[in-house]
Amino acid sequence: MIKRRTFLASAAATLAAPAIAQAPDRVSFRFNWSWIGNYSPPILGLQRGYYRDVGIDLRPDQGKGSGVTVRQVGSKGDMFAWADTSALLLAAAQGVPVKQIMTMAISTLAVVWIEGRTKFETARDVVGKKVCGTAGDGATQLWPAVLAANGIKSTDYEMFNVDSTAGVAALREGRCDILLGSAADQPVSLQNAGFAAKYKTYRDLGVPTLGSGISAHPDLIRDNPGLVRRFVQATQRSWQAAIDDPEASVQALVKHAETPLDPKVVRGNLAVFTTLLTGTKPLGLTDPAAMEKNIALLKEYTGFKTDLPATHFYTNDFVGQSA
């Protein structure tokens with residue numbers, strides 16, 4: 001009887017005790033560059049608790065180019081990556097296990113120059129110029145497509161590589177005439193520093209590819225689709241909040257960054273990038289026709305080879321579903 005009473009008392013106490021909340025999933029999210037304005041929406045979501053609301057402890061970090069970033073996901077060093085779509089396709093075709101789960105923008109890849117120092121109206125104006133880029137990033141990997149689309153040879157200009165953090169300085173100091181970069185990033189930084197920076201996107205130069213997207217390892221997609229769905233849901237919510245209140249997004253990134261950021265630059269980055277969003281509904285949906293076109297351009301201009309269908313490289317399974 002004593003044992004029975006003890007058991008019943010113990011069971012009652014267990015039922016009466018408050019439930020222990022399950023610890024959130026720790027999730028790493030690697031961006032493809034140092035902190036810029038178009039990374040601010042997820043940071044806004046992080047600070048407002050949107051990821052925590054779906055059981056995610058988000059750990060965002062900076063990167064050093066799309067090529068490196070997608071390989072981090074391919075090696076399972078990070079769970080999610082923000083990277084250029086073409087860089088992801090090129091890596092995946094080489095056997096890197098990575099798949100796009102959201103497509104955010106048309107191509108932001110761009111040629112950047114300082115007006116008054118350099119004349120650049122058409123792609124042919126690169127002839128005789130010094131061009132700098134970062135090995136492995138999206139702009140440099142897809143540059144051969146711009147050359148091929150405009151009948152330019154690699155011997156028509158001088159090319160040299162710079163670290164991902166040194167491109168703006170190289171252009172500013174006159175060590176190169178043209179920088180391969182992003183329309184949402186380097187031009188804004190240069191303009192804020194008083195330079196008459198201008199840009200043309202690769203789309204303007206005859207290579208209309210998709211731009212930034214978010215990718216994950218196929219194993220994560222297969223083994224933990226619920227986590228992927230929750231991550232996408234929180235990211236969509238974060239981006240919508242940033243679209244509704246861009247200044248809040250700007251201030252979130254300024255607060256989050258380890259080193260001081262100029263709010264004016266962050267604001268400009270986000271404003272330019274927002275104009276380049278794909279506009280698909282729901283946010284992040286990959287347009288199958290646009291992806292097919294992207295792959296066709298890579299095959300035509302970069303030596304990209306694959307017999308795999310376009311759907312091997314992306315999925316829309318998560319963007320239209322709630323957690």
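Modeller: Cys132 and Cys176 are both buried, where buried means under 20% relative accessible area, exposed means over 50% and partly exposed lies in between, with a 1.4 Å probe and protein chains only. This is a predicted model, in which local features need pLDDT of at least 70, side-chain atom pairs count only at pLDDT 80 or more, and totals for chains, interfaces and linings use all residues. Residues are numbered from 1 along each chain as its sequence is written, and side-chain values use heavy atoms, with hydrogens and water left out.

A disulfide joins Cys132 to Cys176, S to S 2.5 Å; the term stands for a pair of cysteine sulfur atoms within 2.5 Å. The pair links distant parts of the chain, 44 residues apart: Cys132 is in strand β6 (residues 130–133), and Cys176 is in the loop between α7 (167–172) and β8. A search of the whole structure finds 1 disulfide. Helices (H or I, at least four residues) and strands (E, at least two) are DSSP runs, numbered from the N terminus.

Strand β6 belongs to an open sheet of 5 strands in the order β7-β6-β8-β5-β9, with mixed pairing. Two strands pair if DSSP finds at least two bridges between them. At the edges stand β7 (158–161) and β9 (197–201), each with a single partner strand, so one side of each has no neighbour in the sheet. Further in, β5 (residues 109–114) and β8 (residues 178–182) run antiparallel and are joined by 4 bridges. Ala110 has Gly181 in β8 as its bridge partner.
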